[in-house]
Amino acid sequence: MPNTAISVSDLSKKYDDRLAVSHINFEVPLGTVCGFVGPNGSGKTTTMRMLLGLITPTTGQGHILGEPIEHPEKYLSRVGAMIEGPAFYPALSGYENLMVLAKLGGFPIERVQQLLDKVGLGDRGKSKFKTYSLGMKQRLGIAAALLPEPKLLMLDEPTNGLDPEGIQEVRALLRDLANEGTTVFVSSHLLSELEIISDYIVMLRKGEIVFAGPIGELMAQQQPTIIAKSLQHSDLQKIVEIAEAAGHHAVIRNDSVHVLAEMDWAPVLNKAAFDAGITLAQLAPQLPNLEETFFEMTGDK
Amino acid sequence: MLNVVKAELRKLRRPTLFFGTIGAALFFTGLITSFIYLMIDSPRGNGDRGRTIGREVLQLASGSVNGFASVGGFLGIIALCVFAAQTAQEYTYGTLRNLLVRQPSRMKILVGKLISMALFAVAMITIAAVVSVAISCILAPGAKVNTDLWFTTAGFHAIFTTFVNVTISVVAFGIVGMVLGLLLRSPISAISLGVLWLLIVENLLIAVKNSWQSWLPGAQLNAIASGGLVDLTYKHALTVGGIYVAIGATVASVLFVRRDVAN
């Protein structure tokens with residue numbers, strides 16, 4: 001029994017002259033929620049398609065649940081997936097669409113109604129897919145991905161079109177699935193989304209891996225920031241000078257000073273400001289979030 | 001494979017598609033069969049391209065299925081449209097990726113689709129056959145056509161043979177539609193090209209040079225439905241038509257199996 005749900009080595013995909021995915025390597029441990037992060041066009045969907053056997057890699061190898069991706073028939077019965085948005089037959093109802101997939105996969109048909117109830121479509125199952133809102137379509141896509149009671153769930157941008165309540169429900173659903181032992185591999189360009197639910201992060205930019213590992217490890221690499229605010233706006237520059245004199249990088253942003261320093265330097269700053277006759281209105285630590293970390297690592301902002 | 005067939009039949013039994021298709025088949029069946037009897041004495045003929053089907057032909061043991069055999073080409077066009085649409089829509093709706101995630105064997109998807117659509121076509125053909133023979137029985141007395149031989153052993157054999165020929169022809173038309181759907185990946189393009197070629201281009205080419213009838217794909221499939229024509233034998237039509245269908249199906253299958261599903 002492998003201890004990784006996904007492992008990828010030197011995987012690339014080239015379309016004509018364009019390298020969509022470039023020699024990527026990463027592993028996703030079993031039973032984790034792994035965020036697959038990157039801006040639009042970074043190669044997330046292409047990677048997922050290769051992992052599902054929909055497109056052939058140009059180079060490299062990959063294994064899903066211990067089976068090589070050249071033989072998707074060996075693992076797809078244990079994988080649920082929604083790639084590039086929910087795709088269904090518009091003239092069929094949500095129920096009928098799931099029935100088609102249940103018949104195709106040989107899954108028990110009782111699961112269809114159970115899953116419609118689970119994703120909140122129990123009372124709209126008989127309505128035609130073309131009458132669904134984007135959020136409802138997304139929910140149906142998630143229900144379809146859950147049909148095989150997957151060991152690995154791969155979802156591409158599952159919260160697109162969902163309202164805040166729906167987003168929270170999806171988050172809770174994914175966490176519940178992970179708690180039950182399902183590995184969840186979920187992509188999004190909304191980094192704040194994934195920061196909340198992920199144990200593991202794979203960061204992709206322009207087809208290349210920027211980071212792959214536990215999210216805690218990533219965030220620990222980032223330097224914390226101390227945010228200081230003074231009563232007088234004119235004192236902000238003096239705070240910058242105090243920080244720089246102590247060897248810390250500091251900038252003024254939105255009426256506050258952002259000092260790159262460990263939290264234990266905050267009392268030192270507080271005292272130095274007091275000695276300089278500055279009254280601080282706020283002194284708080286702030287760890288960079290995933291979005292800031294991503295931009296810092298990729299140098300995009 | 002059986003799972004693919006069951007899943008596909010679930011889509012095909014949708015009322016709009018099923019009754020729409022059967023309705024179209026019945027319309028052409030009723031129209032063409034009725035013309036044969038109602039216009040039996042018309043100087044402009046009562047068959048396709050001004051051909052005359054006289055009482056002496058209709059009174060034969062095979063007379064009951066003359067209308068049914070004549071409508072075979074139209075049933076084929078309907079099958080081409082259905083097969084092309086059902087295949088190409090998987091690309092336009094993006095549903096092909098769902099199918100392939102649940103059944104990664106692309107050949108099983110393709111063959112399962114073909115079997116289910118062939119079953120659908122057989123249902124359409126059976127209903128058309130029953131209606132055509134029924135209309136023939138109703139209109140024959142008014143057209144002074146003697147039906148004594150229709151339900152003899154030879155008559156039933158003719159019904160069975162015509163049913164088999166029409167089925168071969170219609171499924172072959174359907175495969176052509178499926179090939180176009182796989183190659184063009186758009187229902188509108190596949191149907192337009194197929195219908196345009198079969199109804200207009202081929203007829204124009206045959207009008208320009210009649211001998212081309214022996215080599216054009218649509219003409220072969222029409223001839224199979226009719227059990228062969230005066231200037232195009234059944235065996236020749238079956239051989240040439242079979243070669244066209246086999247080449248098309250092979251090329252499309254290889255492309256389908258190897259092509260990336262990137263939409």
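Predicted model: local features only at pLDDT ≥ 70, side-chain atom pairs only at ≥ 80, totals over all residues.
Let us start with the overall layout of chain A. An assignment of domains divides chain A into domain 1, residues 4-220, and domain 2, residues 222-298. Taken over C-alpha atoms, the centres of these two domains of chain A are 40 Å apart. Where they meet, eleven residues of domain 1 of chain A are in contact with nine residues of domain 2 of chain A. On the domain 1 side, the elements that give two or more residues are α6 (191-197), β9 (200-205), β10 (208-214) and α7 (215-221) of chain A. The largest share of that side, four residues, comes from α6(A). By class, the domain 1 side that touches domain 2 of chain A has eight nonpolar residues, one polar residue and two charged residues.

Strand β1 (residues 4-15) of chain A pairs with strand β2 (residues 18-29) of chain A in the antiparallel sense, over eight bridges. Thr4(A) stands opposite Pro29(A) of β2(A). The hairpin of β1(A) and β2(A) has two residues between the strands, and Asp16(A) takes a positive phi near 50° there.

Chain A also has an open sheet of six strands with mixed pairing, in the order β6-β7-β8-β3-β9-β10. Its edge strands are β6 (79-82) and β10 of chain A, each pairing on one side only. From one strand to the next, the twist of this sheet averages 10°. Inside the sheet, strand β3 (residues 33-37) of chain A runs parallel to β9(A), and four bridges join the two. Within this pair, Gly35(A) stands opposite Ile201(A) of β9(A). Helix α1 (residues 44-51) of chain A packs on the sheet and touches β3, β7 (152-156), β8 (183-188) and β9 of chain A. Another helix, α4 (residues 134-146) of chain A, lies across β6 and β7 of chain A.

**A four-stranded sheet**

A further open sheet of chain A has four strands in the order β12-β13-β11-β14, with antiparallel pairing. Here the edge strands are β12 (250-253) and β14 (280-286) of chain A, and each pairs on one side only. The twist averages 20° from one strand to the next. Four bridges link strand β11 (residues 225-230) of chain A with strand β13 (residues 256-260) of chain A in the antiparallel sense. For Ile227(A), the bridge partner in β13(A) is His258(A). Helix α8 (residues 236-245) of chain A lies across β11, β12 and β13 of chain A, while helix α9 (residues 266-275) of chain A lies across β11, β13 and β14 of chain A.

| α1(A) | β7(A) | about 145° |

**Where the chains meet**

How many residues of chain B are in contact with chain A? There are 23 residues of chain B, in contact with 25 residues of chain A. On the chain B side, α1 (2-12) and α5 (96-102) of chain B are the elements that give two or more residues. That side of chain B has nine nonpolar, seven polar and seven charged residues.

**Helix packing in chain B**

Helix α7 (residues 153-184) of chain B packs against helix α8 (residues 187-208) of chain B at an angle of about 135°, with the axes 8 Å apart. That angle makes α7(B) oblique to α8(B), and their crossing is right-handed. Among the residues in contact are Val176(B), Leu180(B) and Leu184(B) of α7(B), together with Pro187(B), Ala190(B) and Leu193(B) of α8(B). By class, this contact has six nonpolar, four polar and no charged residues.

The other pair is helix α4 (residues 66-92) of chain B and helix α9 (residues 217-225) of chain B, whose axes come within 8 Å and cross at roughly 140°. That makes α4(B) oblique to α9(B), and this crossing is right-handed. Ala69(B), Gly72(B), Gly73(B) and Gly76(B) of α4(B) meet Leu221(B), Asn222(B) and Ala225(B) of α9(B). The residues of this contact divide into three nonpolar, four polar and no charged.

Notes
Residues numbered from 1 in each chain as written. Chains lettered and ligands numbered in written order. Axes fitted to C-alpha atoms, helices over the stretch in contact; angles between N-to-C directions. Parallel < 35°, antiparallel > 145°, perpendicular 65-115°, else oblique. Left-handed = near helix turned anticlockwise from the far one by under 90°. Contact = placed C-beta atoms within 7 Å. Nonpolar A, V, L, I, M, F, W, Y, C, P; charged D, E, K, R; others polar. Domains from an automatic or database assignment. Pairing = 2+ DSSP bridges.
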